[in-house]
Amino acid sequence: AKRIVHEVLAQRPAGMQLTPVRVPLGDLARFVEDHGGVASTDVFEKWLTSRFGEEGQQLTRCPLFLLLDGLDEARDSRDTIWEWVKEQMRRSDGGAALVFTRPEALPFGLSFEYFQGIGIHCACFD
């Protein structure tokens, strides 16, 4: 995982600052379920605020390096969260994402190449 983090950071333009945010996807999934079952930018901002207080609101104003931990732990919300992650990468202003998961949790049986094609790095652990 450390190698992948270094690769991601090396791909950024010189001087570009990314703010790392660890997102335990099991926690986010429970938060999403408690807030209507739809993962959206608004729900993520509320989660950031609940997790980090006022600083969480500031995080939405800068490029983030999302460390998405445990896609396999998102359970029933996995597809909703996955769609939200893809939307974040489309809207991102130079941000990055790294997904940590067990191989069997990859949505729809997707490959590493698919992740890379949409700007998301993936590290699978057994």
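Reader: How many bridges join strand β1 to β2, and do the strands run parallel or antiparallel?

Author: A word on the source comes before the reply. This is a predicted model, in which local features need pLDDT of at least 70 and side-chain atom pairs count only at pLDDT 80 or more, while totals for chains, interfaces and linings use all residues. Residues are numbered from 1 along each chain as its sequence is written, and side-chain values use heavy atoms, with hydrogens and water left out. Strands are DSSP runs of E of at least two residues, and helices are runs of H or I of at least four, both numbered from the N terminus. Two strands pair if DSSP finds at least two bridges between them. Here β1 (residues 19-24) and β2 run parallel, joined by 6 bridges, with P20 opposite F65.

Reader: Is strand β2 mostly covered or uncovered?

Author: A residue is buried under 20% relative accessible area, exposed over 50% and partly exposed in between, with a 1.4 Å probe and protein chains only. In β2 (residues 64-69), 5 of the 6 residues are buried. Across the chain of 126 residues, 42% count as buried.

Reader: At what angle do helices α2 and α3 pack?

Author: Axes are lines fitted to C-alpha atoms, for helices over the stretch in contact, and angles run from 0 to 180 degrees between N-to-C directions. Helix α2 (residues 25-34) meets helix α3 (residues 41-52) at about 115°, their axes 10 Å apart. Contact means heavy atoms within 4.5 Å; α2 contributes D27, L28, F31 and V32, and α3 contributes V43, F44, K46, W47, S50 and R51.

Reader: Which residues have the most contacts inside the largest nonpolar core?

Author: In soluble globular proteins, nonpolar side chains tend to be buried together. A nonpolar core is a set of buried Ala, Val, Leu, Ile, Met, Phe, Trp, Tyr and Cys residues joined through side-chain atoms within 4.5 Å. The largest has 25 residues, and V23, L25, L28, F44, L66 and L68 have the most contacts inside it. Two or more residues come from each of β1, α2, α3, β2, α5 (78-91) and β3. Another core, of 8 residues, lies apart from it and includes V8, L18, L98 and F100.

Reader: What does F44 touch, not counting residues up to four places away in sequence?

Author: F44 touches V23, L28, L64, L66 and W84 on that basis.
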